[in-house]
Amino acid sequence: MAAQGVRASNGAAESARDREITSEQDHLDRVYDRLEEKIHEAEFLMDDAAKRGHVGTPGALAERDAQVFRAGVHLNRLNSEFEDFLFGRIDLLRGKDGVRGADGAMTSVEPADDAVADGRAEISETLHIGRLGVLDAEYSPLVIDWRAPAAAPFYRSTPLAPGRVVRRRVIRSKGRRVLGVEDDLLRPELRATLDGAELPVIGDGALMAALGQARTHSMRDIVSSIQAEQDLVIRAPAASVTEVEGGPGTGKTAVALHRAAYLLYQDRRRYAGGILIVSPTPLLVAYTEGVLPSLGEEGQVAIRAIGSLYDGVPHVTATGYDEPATARVKGSGRMTTVLRRAARGAIEQARPARAATPGGGLRVVAFGARVELDEGDLRRVKQSALGGTAPLNLLRPRARRLLLDALWTRSGGPRRHLDPELAAEARRAFDEDVSDEDAFTAFLDAWWPELTPAGVLAAMADERSLHRWARRVLRPEEVRLLHRSLAALVRGGQEAAQPAYSVHDIALLDELQAVLGVPALPRKPREADPLDQLTGLEELMPGHAAEIRRERAERLAEERREYAHVIVDEAQDLTPMQWRMIGRRGRHATWTVVGDAAQSSWPEPEEAAEARREALGSRPRRRFELTVNYRNPAEVAEIADRVLARAMPGKVPPRAVRSTGLEPRFTTAPDAPGALGATVRAEAERLLAEVDGTVGVIVAMDRRAEAAGWLAGLGERVVALGSLEAKGLEYDATLVVSPARIAGGEGAAGKPTEGTPTGLRVLYVALTRATQRLTVVCDPALDAPDEQGVPHLLRT
Ligand SMILES: Nc1ncnc2c1ncn2[C@@H]1O[C@H](COP(=O)(O)OP(=O)(O)OP(=O)(O)O)[C@@H](O)[C@H]1O
């Protein structure tokens, strides 16, 4: 049953606003009535289907199941407490050609020439926009899906280019109740009429209301307030590479997520389960994970942190970060050569234990006679096997064949049989005889072992081998850094169940997997997908359906190594090795790549750009720029822009749309042991009292554990995080601890540090996380604050 609408109490005094709310409530009631009808239909179908069992043609059954499924999805959406199932409306002039599209709306973008006469316009079409499309019994649109072409003018129209839109309305509702409306008049010069009466225009600032809301630890969708420049990206054609640049807070992540939902809507068959979104950190994955389900796309898209992309066996995930200098070595494209040499070297070095192979050779018995290959023979056979082009593990059958060839030759076999048929028969018997020998199999396993990426990486912890494999590719000090890190990894792995891989190690493991090859597993018969059989009503049992969806998402992630569309968030941070890793997952994909060079924490932009070009291939590019900062108030953006000017002189920052009147606060910890922690704690408490939502305390990466200690017991609204972990996230208030320490670098004699170029960009990220308030705490020993407490790096 439909919920009771908001009804104004005394007709005469009803304000224009109340009247409009009532009218929207009526519409929403109709939508819910219609959906309930659909649910009854679905229930009937289910019932009918159950009675009839599986009678009917496969096509008819599939169609029925699809219908039931769609109805179930609708109801499920409705029952989830959405703030706004229906969130928008546009009132339109008559279109030029009068043609209607599949969604029942007129397709024409431009108004008919005579749609406006004498400054008066008649509204000929009103469309409501929502999360899903709903048709009435006559197939007229009650709600247009936000992704449908007919909804585009809701987002795109501006007073400069209004198209057919006269009035755009944002409807705020919770569940089945309309709470308010906000209008924009896009053709203020017109006296427009609706049903003969003047068009009412209510309120302002739906966008501002959305931006000012308190933040939680989950991102919200922006479906009701997507801006025109963002909509262009979301709906860009998929058949190429869509590249989006934009400063902090311009909605790149939000746009990327909405684009995934849009692509699924456009071509579900192609994209379902085949979209990969790569995120820089697990924190950002957790933060953004709820957006696609709220857009109705649960379990259809894999959102994975760059440190969790490796799907090898065993599956490992990054748990740590490297020092910047080590990261620089591991991320460099030069590692490709080092890894190839290491994998090859591991095969070259592999040999059975001395005791098993007298003199380092191979001895087998064939047809009752001893046949031997000495160390030199074996080396030659191996080199010849290594001449193959397949990945190393897949060369093993070739190595085995060449080994048997060599043994056969040594046995004198080829000389004994002149008749080719007899020779072939004798050779087959010889091979069988030798292969049956346990000693031969054991030898092969040790001489050409099946290598694992983890095993090769561990072999690289041997200093002498690593020097050899890295010769003329890495500088000696780079080899030292790499060795130190890998040796620590191996040591740690001996104590724990698994080595603590860093984000950069993951790309190395993935590269090694490509070098080694994954042995072909016998194909498992594909199990029936429970979601394929899921009908609408099962979908309504939230626990069960969610579980099935989760399982399905996990299975898809496992099965799939390549995707139809790859979306890369924070692309500016990817190292060449990471680009190679992602590139392997999208060799035949179309791409959306979003990023901001000013926030890059990778010091070698040229090399990364080259790797990016290679990963994206020669597909045509479409470039977009986002220019408006929706996150930071102007007061916070102004401070961050000072750092941007140091990090990238001349770079134009995005324009902040809001102002709160709250100036950032600067404070300096007393110069005493333990004082920094106490100051940070006190300032965090202060911020917690000032904002309703979250507080992020951002420190240099090497201070994360310490900072968590400072904040112990302050509750869940406050979190401590390292500067690199802050990527993409936002908080109501942020507290940035010691800008100088985050920006890194050494000050020249007695002078404060100017930061490193990379460090300054990381500091820029830290300073652009706040949606309301920013506090900066200076370390007196590093930050050189002036008398207002403003640290050296944040002064103009
Ligand atoms: N059109 C919009 N309507 C409402 N909120 C928006 C809109 N666009 C962006 N936002 C909000 O602005 C904030 C910043 O968006 P987002 O995180 O996507 O930006 P970003 O460009 O990825 O930032 P960064 O580069 O700093 O990670 C988010 O809270 C997002 O919901």
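1. Helix 20 is mostly covered, with 13 of its 14 residues buried. The model is a predicted one, and the points below should be read that way.

2. The length of helix 20 checks out. It runs over residues 503–516. At 1.5 Å a residue, its 14 residues should span 20 Å, and the C-alpha atoms at its ends are 21 Å apart, which agrees. Just after helix 20 comes Gly-517, with a positive phi of about 85°.

3. Next, the nonpolar core. The largest one has 193 residues. Ala-260 and Val-697 have the most contacts inside it. Helix 6 (residues 252–266) supplies the largest share of this core, nine residues. As background, nonpolar side chains tend to be buried together in soluble globular proteins.

4. Which residues does Val-697 touch, not counting those up to four places away in sequence? They are Val-680, Ala-684, Ala-707, Leu-711, Val-718, Val-719, Ala-720, Leu-735 and Val-737.

5. Now the ligand. There are 24 residues around it, and Ser-225, Pro-248, Gly-251, Lys-252 and Thr-253 come nearest. Helix 4 (206–212), helix 6 and strand 18 (628–633) are the elements that give two or more residues to this shell. By type, the shell divides into eight nonpolar, eleven polar and five charged residues.

6. The record can be set beside this. An unreviewed UniProt entry carries the annotation "binding site" for Gly-246, Gly-247, Pro-248, Gly-249, Thr-250, Gly-251, Lys-252 and Thr-253. Among the residues that come nearest the ligand in the model are Pro-248, Gly-251, Lys-252 and Thr-253.

7. Pro-248 sits in the loop between strand 10 (241–246) and helix 6. Is Pro-248 buried or exposed? Pro-248 is buried, because 25 other C-beta atoms lie within 10 Å, and the cut-off for buried is 20 or more. Leaving aside neighbours within four places in sequence, Pro-248 is in contact with Asp-596, Gln-599, Asn-629, Arg-631 and Thr-768.

8. Gly-249 lies in the loop between strand 10 and helix 6. Gly-249 has 27 C-beta neighbours inside 10 Å, so it counts as buried. Not counting residues up to four places away in sequence, Gly-249 touches Asn-629, Tyr-630, Arg-631, Asn-632, Pro-654 and Thr-768.

9. The two contact lists can be read together.

Technical notes
Residues numbered from 1 in each chain as written. Predicted model: local features only at pLDDT ≥ 70, side-chain atom pairs only at ≥ 80, totals over all residues. Helix = DSSP H or I, 4+ residues; strand = E, 2+ residues; numbered from the N terminus. Expected span 1.5 Å × (residues − 1). Buried ≥ 20, exposed ≤ 12 C-beta atoms within 10 Å, placed from the backbone. Core = buried A, V, L, I, M, F, W, Y, C linked by C-beta atoms within 7 Å. Contact = placed C-beta atoms within 7 Å. Near = placed C-beta within 6 Å. Nonpolar A, V, L, I, M, F, W, Y, C, P; charged D, E, K, R; others polar. UniProt positions renumbered as here; feature names shortened; annotations may be inferred.
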